[in-house]
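Work through the exercises below with the coordinates open. Each task is followed by a stepwise solution.

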Amino acid sequence: AERSIKPFVIGRKNFLFANSPLGAQASAVIYSLIETAKANGLDPYRYLLWLLKTAPRLEKGGGNWAGQLTPNNAPADCRTM
């Protein structure tokens with residue numbers, strides 16, 4: 001259990017040296033997305049790439065666009081096998 005939270009502890013230490021509160025928040029969001037991708041068996045780079053390409057198109061359509069960006073809806077090429 002302690003090993004599973006080690007990345008979060010290291011990330012927390014890194015956030016202490018952010019230049020601004022908004023910079024720390026942006027770092028925390030990206031860090032959370034990367035750790036979520038890892039926890040769901042996704043390649044973080046491919047998942048972020050898919051996320052950043054897909055989000056602008058979905059947002060323009062209205063509705064539940066954010067729900068379509070969850071790791072469960074990621075394409076097969078984002079999965080690590």
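**Exercise 1: a residue in a helix**

Task: Decide whether Glu-35 is buried or exposed, and find its salt-bridge partner.

Solution. 
1. The model is a predicted one.
2. Glu-35 has a relative accessible area of 13%. The cut-off for buried is under 20%, so Glu-35 is buried.
3. The side chain of Glu-35 forms a salt bridge with that of Lys-38, with an N to O distance of 3.4 Å.
4. Both residues belong to helix α2 (residues 21-39) and sit 3 residues apart, about one turn of the helix.
5. An α-helix has 3.6 residues a turn, so residues three or four places apart point the same way.
6. Lys-38, at a relative accessible area of 48%, is partly exposed.

**Exercise 2: the second salt bridge**

Task: State how many salt bridges there are, and describe the one formed by Arg-46.

Solution. 
1. The count is 2 salt bridges.
2. Arg-46 pairs with Asp-43, and their closest N and O atoms are 3.6 Å apart. The cut-off is 4 Å.
3. Arg-46 has 43% relative accessibility and therefore counts as partly exposed.

**Exercise 3: geometry of α2**

Task: Check the span of α2 against its number of residues, and locate its buried residues.

Solution. 
1. The buried residues in α2 are Ala-24, Tyr-31, Glu-35 and Ala-37.
2. These residues cover an arc of only 155° around the axis, so they lie on the same side of α2.
3. Just after α2, Gly-41 has a positive phi of about 75°.

**Exercise 4: the nonpolar core**

Task: List the residues of the largest nonpolar core and say which helix gives the largest share.

Solution. 
1. The core has 10 residues: Ala-37, Leu-42, Tyr-47, Leu-48, Trp-50, Leu-51, Ala-55, Leu-69, Ala-74 and Cys-78.
2. Helix α3 (residues 44-61) supplies the largest share of this core, 5 residues.
3. Beyond four places in sequence, Tyr-47 touches Leu-33, Ala-37, Leu-42, Leu-69, Thr-70, Pro-71, Ala-74 and Cys-78.
4. In soluble globular proteins, nonpolar side chains tend to be buried together.
5. Leu-49 is also in helix α3, but at 36% relative accessibility Leu-49 counts as partly exposed.

**Exercise 5: a loop residue**

Task: Place Asn-40 in the chain and find which residues Asn-40 contacts beyond four places in sequence.

Solution. 
1. Asn-40 lies in the loop between α2 and α3.
2. At 36% relative accessibility, Asn-40 is partly exposed.
3. Leaving aside neighbours within four places, Asn-40 is in contact with Pro-71 and Arg-79.
4. Asn-40 and Pro-71 are 31 residues apart along the chain, and their C-alpha atoms are separated by 6.7 Å.

**Exercise 6: the whole chain**

Task: Give the helix and strand counts, and the share of residues that are buried.

Solution. 
1. The protein has 3 helices and 0 strands, in the order α-α-α from the N terminus.
2. Of its 81 residues, 21% count as buried.
3. Among contacts with a separation of 6 or more, 44% join residues 24 or more positions apart.
4. The accessible surface is about 6200 Å², and 60% of this surface belongs to carbon and sulfur atoms.

Definitions and conventions. Residues numbered from 1 in each chain as written. Predicted model: local features only at pLDDT ≥ 70, side-chain atom pairs only at ≥ 80, totals over all residues. Heavy atoms only, no water. Helix = DSSP H or I, 4+ residues; strand = E, 2+ residues; numbered from the N terminus. Buried < 20%, exposed > 50% of the residue type's maximum accessible area, 1.4 Å probe, protein only. Contact = heavy atoms within 4.5 Å. Areas by Shrake-Rupley, 256 points an atom, 1.4 Å probe, with all protein chains shown as cover. Expected span 1.5 Å × (residues − 1). Arc of directions from axis to C-beta. Core = buried A, V, L, I, M, F, W, Y, C linked by side-chain atoms within 4.5 Å.
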